[in-house]
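I opened this entry to keep track of what I looked up, step by step.

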Amino acid sequence: MAKVRVYELAKEMGVESKVIMAKLQDLGEFVRSASSTVEAPVVRKLKDSFDGGGKASVSGGSAGTATAPRSGAPKPGPRPGPVPPKPAPTATRPASRPAAPVQNGNAAPSAP
């Protein structure tokens, strides 16, 4: 048996990853997350502790409460579709100012 991830063990045993992680810590094994791997002897020790005590003693309640969502937990809603791209920004010109009068007299003569 090769290394197994915690979440795979949880799926195989029908409990949440949190339950497996808590049990592993009770057994003295260090796991950081559900993606952590566990060696074969540790897996056997974990499965033996589940078989001996049953799921009820692991979760602290009945077997149904280990995987049931909490009533206060937010319910997942529909996933939004892809976000449409934003339109490209348009170049805006500053407001035009009236031309300043020419001071040096090089301007074209005005029509009478």
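I settled one term before looking: a nonpolar core is a set of buried Ala, Val, Leu, Ile, Met, Phe, Trp, Tyr and Cys residues joined through side-chain atoms within 4.5 Å. I also noted that this is a predicted model.

**Core**

I looked up the largest nonpolar core and found 16 residues in it. Which of them touch the most other members? They are V6, L9, I20, L24, V38, L46 and F50.

**Helix α2**

I went along α2 for its buried residues. They include V19, I20 and M21. K23 and L24 are buried in α2 too. I20 and L24 also came up in my core entry, among the residues that touch the most other members. I wrote down a rule for reading helices: an α-helix has 3.6 residues a turn, so residues three or four places apart point the same way.

**S49**

Next I checked S49, which sits in helix α3. Is S49 buried or exposed? I needed the cut-off here: buried means under 20% relative accessible area. S49 has 17% relative accessibility, so S49 counts as buried. I followed its side chain as well. The side chain of S49 reaches the backbone oxygen of L46 at 2.6 Å. L46 is one of the core residues that touch the most other members.

**T37**

I moved on to T37, in strand β2 (residues 37-38). T37 has a relative accessible area of 39%, so I logged T37 as partly exposed. What does T37 contact, leaving aside its neighbours within four places in sequence? I found K3, V4 and R5. I also took a C-alpha separation, from T37 to Y7. The two residues are 30 apart along the chain, and their C-alpha atoms are separated by 9.1 Å.

**Whole chain**

Last, I stepped back to the chain. I counted three helices and two strands. From the N terminus on, the elements run β-α-α-β-α. The chain has 112 residues, and buried residues make up 20% of them. I looked at contacts between residues at least 6 apart in sequence: 61% join residues at least 24 apart. The accessible surface comes to about 9,300 Å². Carbon and sulfur atoms account for 56% of that surface.

Conventions: Residues are numbered from 1 along each chain as its sequence is written. This is a predicted model: local features need pLDDT of at least 70, side-chain atom pairs count only at pLDDT 80 or more; totals for chains, interfaces and linings use all residues. Side-chain values use heavy atoms; hydrogens and water are left out. Buried means under 20% relative accessible area, exposed over 50%, partly exposed in between (1.4 Å probe, protein chains only). Helices (H or I, at least four residues) and strands (E, at least two) are DSSP runs, numbered from the N terminus. A polar contact is a pair of N or O atoms within 3.5 Å; within protein, one must be able to donate a hydrogen and the other to accept it, and residues adjacent in sequence count only if both atoms are side-chain atoms. Contact means heavy atoms within 4.5 Å. Accessible areas come from the Shrake-Rupley method with a 1.4 Å probe; for residues, only the protein chains shown count as cover.
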